[in-house]
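This report describes a single protein chain from its overall fold down to selected side chains. The sequence and the structure are shown first.

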Amino acid sequence: MEDVKRALSGWLPVLAYLGIITFLSSRTGSSLPTWSFMKHDKVLHTIEYGGLGFLLCRALGPHVRRPGAQVALAAALGLAFGVLDEFHQSFVAGRNGNDPGDMTADLTGALLGALAFFALRRLFSKGAKTS
C-alpha cells in the first residue's frame, strides 16, 4: 500500500500538470490573451515545460536511480508530450500546430526543469546536513 501512495504522490501532480497544458492548448486562438509578452511564446513554452520536466524528474526518482538517466528520460517524455500537444493544437481553431520552434522550446524547458530539480535537491540536502 505504501508503494501505491508513493507512486500516486509522484505521478498525480504530473497528470494534473498535463491536464492543465492540454486545457490551455484546447483554447481557440481567439480566446487566448494578447498580452505583449505573448509574442514571445517560445519563452512561455520553455517555462511551461520547465515545470513539467521538474515534476517528471520528481516522479521518476523511485523508478530511475541514476540522475543522468532521470534527466534524459524527463526531457524525452517532455518532448514526447510536446509533440503530441502540437499535433493536438493542429485541430484547434485559430491555433498553429506542428511548430518545430515550439517543440524545441518544450524540450529545452523539460531539460532545464529536470536539471533544476537536481540543483534544488542538492541545495536543500546540503542545507539539511549543515543544520
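## Basis of the description

The structure is a predicted model, in which local features require a pLDDT of at least 70 and side-chain atom pairs count only at pLDDT 80 or more, whereas totals for chains, interfaces and linings use all residues. Residues are numbered from 1 along each chain as its sequence is written, and side-chain values use heavy atoms, with hydrogens and water left out.

## Overall fold

The protein chain contains 4 helices and 0 strands, and its elements run α-α-α-α from the N terminus on. Helices (H or I, at least four residues) and strands (E, at least two) are DSSP runs, numbered from the N terminus. Of the 131 residues in the chain, 31% are buried. Here, buried means under 20% relative accessible area, exposed means over 50%, and partly exposed lies in between, with a 1.4 Å probe and protein chains only.

Contact means heavy atoms within 4.5 Å. Among the contacts with a separation of 6 or more, 76% are between residues 24 or more positions apart. The chain exposes about 8,100 Å², of which carbon and sulfur atoms supply 69%; accessible areas come from the Shrake-Rupley method with a 1.4 Å probe, and for residues only the protein chains shown count as cover.

A nonpolar core is a set of buried Ala, Val, Leu, Ile, Met, Phe, Trp, Tyr and Cys residues joined through side-chain atoms within 4.5 Å. The largest such core has 17 residues, of which Val14, Leu52, Cys57, Ala74 and Phe81 touch the most other members. At least two residues of this core come from each of α1 (2–25), α2 (41–60), α3 (67–89) and α4 (100–130). Helix α2 provides the largest share, 7 residues. In soluble globular proteins, nonpolar side chains tend to be buried together.

Cysteine 57 touches Gln70, Val71, Ala74, Ala114, Phe117 and Phe118, when residues up to four places away in sequence are not counted. The buried residues of α2 include His45, Glu48, Tyr49, Leu52 and Cys57. The 20 residues of α2 should span 28 Å at 1.5 Å a residue, and its end C-alpha atoms are 28 Å apart, which agrees. The expected span of a helix is 1.5 Å times one less than its number of residues.

A search of the whole structure finds 4 salt bridges, each defined as a side-chain nitrogen of Lys or Arg within 4 Å of a carboxyl oxygen of Asp or Glu.

| Pair | N to O distance |
|---|---|
| Aspartate 41 and lysine 42 | 3.2 Å |
| Lysine 42 and aspartate 99 | 3.0 Å |
| Aspartate 102 and lysine 42 | 2.8 Å |

Lysine 42 lies in helix α2 and aspartate 102 in helix α4, so this pair ties together parts that are 60 residues apart in sequence. Through shared partners, salt bridges join Asp41, Lys42, Asp99 and Asp102 into one network. Aspartate 102 is buried, with a relative accessible area of 3%. By contrast, lysine 42 counts as partly exposed at 31% relative accessibility, and aspartate 41 counts as partly exposed at 25%.

Arginine 58 is located in helix α2 and is partly exposed, with a relative accessible area of 35%. Apart from neighbours within four places in sequence, arginine 58 is in contact with Ser9, Gly10, Pro13 and Phe117. The C-alpha atoms of arginine 58 and proline 13 are separated by 9.7 Å, although these residues are 45 residues apart along the chain.

Asparagine 98 is placed in the loop between α3 and α4. Its phi is near 60°, a positive value in a residue other than glycine. Most residues other than glycine have a negative phi. At 44% relative accessibility, asparagine 98 counts as partly exposed.
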